[in-house]
Amino acid sequence: MSRIGVPKGFDLQKSVIYVGFFTIFLFFSFTLHDDGFLTTRNLTNIVLQTAPATIMAIGLVFVISAGEFDLSFGSAVAVSALAAAVVLQDYPMLVGVLAGIGAGTLIGALNGVLVAYLRLPSFLVTLATLGLFAGIARSMTNLRSIPVINDSFTGIFGSGKLASVPSLVIWTILAVAVGHFLYWHTRFGAHVLATGDNPRAAQVAGIRIERVRFLVLTLCGATAGLAGILYAGRLQAAKYTLGESDLMTVIAAVIVGGTALKGGKGSIIGALFGSLLMGMLNNGLILMGLSVSDQMIVRGLIILIAVAVSLRDTSH
Amino acid sequence: MTSDLPVLSLKGIRKTFGAILAIQDVSLDLGAGEIVALVGDNGAGKSTLIKIVSGVHRPTSGQIHLDGSAVVFSSASSARSLGIEVVYQDLALADQQPVYMNLFLGRELTIPPLALLNKSRMRKETQELVEELDVRIPSVRSTIRDLSGGQRQGVAIARATHWASKLVLLDEPTAALGVAETAKAEELILSLKDRNLAVLIVSHNLDQVFRLSDRICVLRRGRQIGVRETAATSKNEIVSMITGVD
Ligand SMILES: Nc1ncnc2c1ncn2[C@@H]1O[C@H](COP(=O)(O)OP(=O)(O)O)[C@@H](O)[C@H]1O
Ligand SMILES: [Mg+2]
């Protein structure tokens with residue numbers, strides 16, 4: 001009995017993110033008040049900066065909930081952004097968007113086929129495709145950065161606003177809403193959870209677990225594609241480095257956000273707050289004047305704590 | 001359709017796994033509202049027979065008839081769609097999901113046109129079912145892993161009860177349960193009879209077999225040794241049939 005003293009039905013793993021988020025928010029609000037942490041501008045910046053990571057996190061919640069893993073979404077982001085940027089040089093916006101999201105989706109589908117139908121372990125498959133597509137992103141453009149000069153694209157996927165709400169905020173809200181809906185209110189979401197929870201039980205209940213595995217990895221590729229487009233829109237350029245440094249942040253956001261590493265349980269809203277927490281930490285640690293290496297150390301420690309909480313709750 | 005046709009009729013069932021002969025010439029009829037116990041030593045072929053009837057394994061030869069018509073199951077899903085439900089020994093439940101999602105696992109109720117999960121209706125139907133069967137759980141929203149072994153098996157049997165229209169197969173359903181929990185599970189199994197379902201149960205517990213069953217089918221090393229009316233036999237006779245020692 002590891003739950004003595006905790007009310008029945010209370011889910012530590014899913015609640016810890018909200019406690020953690022508001023504690024750290026309050027902490028920074030007081031300690032960094034004079035450094036401008038609480039200004040609308042700074043807070044908006046945090047949301048804008050975390051938008052691509054939040055969207056990647058949504059895809060990853062599905063993958064981990066289904067009992068699989070994806071390490072390759074970082075290079076899928078880069079390939080998607082580059083594909084969109086290259087296509088946008090000669091074609092209208094919509095074609096560029098399709099190219100970007102299509103590239104990410106195809107990478108996800110490749111992972112999906114290898115994992116679901118060739119039955120290779122997703123951790124190793126996506127480690128390999130991470131390297132493969134990081135290499136392709138580099139060779140696609142000879143390490144150059146590709147500018148994006150399509151104004152409607154950079155407006156809709158970057159610096160634009162709708163009724164004074166930044167477009168990146170709108171994309172984040174849309175993606176979280178659709179993701180949450182899919183996760184909690186559709187048969188697909190229920191099958192994802194069942195597959196990650198007990199694949200044998202899911203299978204004897206008639207759930208096509210191979211199809212679920214294929215679809216979650218494909219979906220994760222698609223969210224990486226959208227994240228790539230948002231990067232290209234915000235930075236008005238695409239480069240092979242996009243998404244690369246998000247790997248740890250996104251995994252941390254998902255795990256801190258209450259998604260169980262073993263599968264079968266998770267939260268899209270939790271991943272949103274996890275991602276915002278990571279962005280806030282980044283922002284706060286910079287305002288505190290920590291060096292890049294110190295920031296990495298602190299973030300690494302946060303992930304360790306998150307994993308410890310996650311495993312503690314699933315081990316009884 | 002006449003009601004005296006057996007719900008399930010097995011004729012000359014044989015199953016080999018490579019060189020291993022797991023089942024050899026088993027023939028058995030089950031009527032509606034009848035509980036038949038399948039007994040035998042470890043490795044006698046009981047689980048294999050259950051898996052054949054549930055569509056997991058295909059027999060090497062022999063026929064399966066449901067309500068008089070021959071059927072061939074291509075998978076567990078095809079057996080399920082014909083009204084056959086299985087309660088597994090090791091509980092095929094998704095531990096981190098709530099009771100009501102387990103009850104509807106793989107057969108979730110949805111609302112058209114977007115096919116959204118109808119969670120409130122699944123909760124309501126689950127609630128009605130657990131009340132009717134008197135399965136005592138804290139709530140239909142409880143997570144399976146927060147339940148006791150008996151409550152879990154109660155959920156598994158309730159699920160079979162809800163979905164079966166003809167036949168329920170149980171493979172050692174109480175092997176992992178305590179005394180009180182076993183008594184409760186036996187009550188649930190007897191209630192399947194009242195629903196006019198045919199029941200085939202594997203059990204190692206002869207007291208239980210004599211409490212529950214109408215007839216007993218004995219297997220030894222894949223061979224069908226005999227079928228006895230429970231009321232007209234004794235534990236001694238069944239034990240000697242199981243062991244082959246008089
Ligand atoms: N999938 C399988 N592959 C090979 N042999 C099997 C398989 N399943 C069962 N057997 C063999 O068939 C025989 C009957 O097994 P089983 O039906 O599990 O017996 P019981 O449930 O009565 O203990 C055993 O010899 C077992 O080793
Ligand atoms: Mg067995």
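Me: In this predicted model, where a cavity is a set of grid points in which a 1.4 Å probe fits but cannot get out, how many cavities of 30 Å³ or more does a search of the whole structure find?
Reply: A cavity differs from a pocket in that a pocket is an open set of points. With the threshold set at 30 Å³ or more, the search of the whole structure finds one cavity.

Me: Which element gives the largest share of the lining of the largest cavity?
Reply: The largest cavity has a volume of about 220 Å³, and of the 18 residues that line it, Val204(A), Arg80(B), Glu85(B), Val86(B) and Tyr88(B) are the closest to its centre. The elements giving two or more residues to this lining are H2, strand S6 (84–87) and helix H5 (149–163) of chain B. The lining divides into 13 nonpolar residues, one polar and four charged. Its largest share, four residues, comes from S6(B).

Me: Which residues meet in a salt bridge across the interface of chain B and chain A?
Reply: Between chain B and chain A, eleven residue pairs are in polar contact, counting pairs with both residues at pLDDT 80 or more. For salt bridges, where a side-chain nitrogen of Lys or Arg must lie within 4 Å of a carboxyl oxygen of Asp or Glu, the rule finds one across this interface. At 3.5 Å from N to O, the side chains that meet are those of Arg187(A) and Glu108(B).

Me: Which helix gives the most to the lining of the second largest pocket?
Reply: The second largest pocket, with a volume of about 360 Å³, is lined by 17 residues, of which Gln49(A), Tyr231(A), Asp246(A), Thr249(A) and Asn282(A) lie nearest its centre. Helices H2 (40–65), H10 (209–235), H11 (246–256), H12 (268–287) and H13 (292–314) of chain A each supply at least two residues of that lining. With six residues, the helix that gives the most is H12(A).

Me: How many residues of the lining of the second largest pocket are polar?
Reply: The lining takes in 17 residues, and these divide by residue type into three classes. Five are nonpolar and three are charged, while the number of polar residues is nine.

Conventions. Residues numbered from 1 in each chain as written. Chains lettered and ligands numbered in written order. Predicted model: local features only at pLDDT ≥ 70, side-chain atom pairs only at ≥ 80, totals over all residues. Heavy atoms only, no water. 1 Å grid on protein atoms, 1.4 Å probe; cavity = no way out; pocket = protein on both sides within 12 Å on 5 of 7 lines; lining within 4 Å. Points joined across faces, edges and corners; volume = space filled by probe spheres on them. Nonpolar A, V, L, I, M, F, W, Y, C, P; charged D, E, K, R; others polar. Polar contact = N/O pair within 3.5 Å; in protein donor to acceptor, adjacent residues only side chain to side chain.
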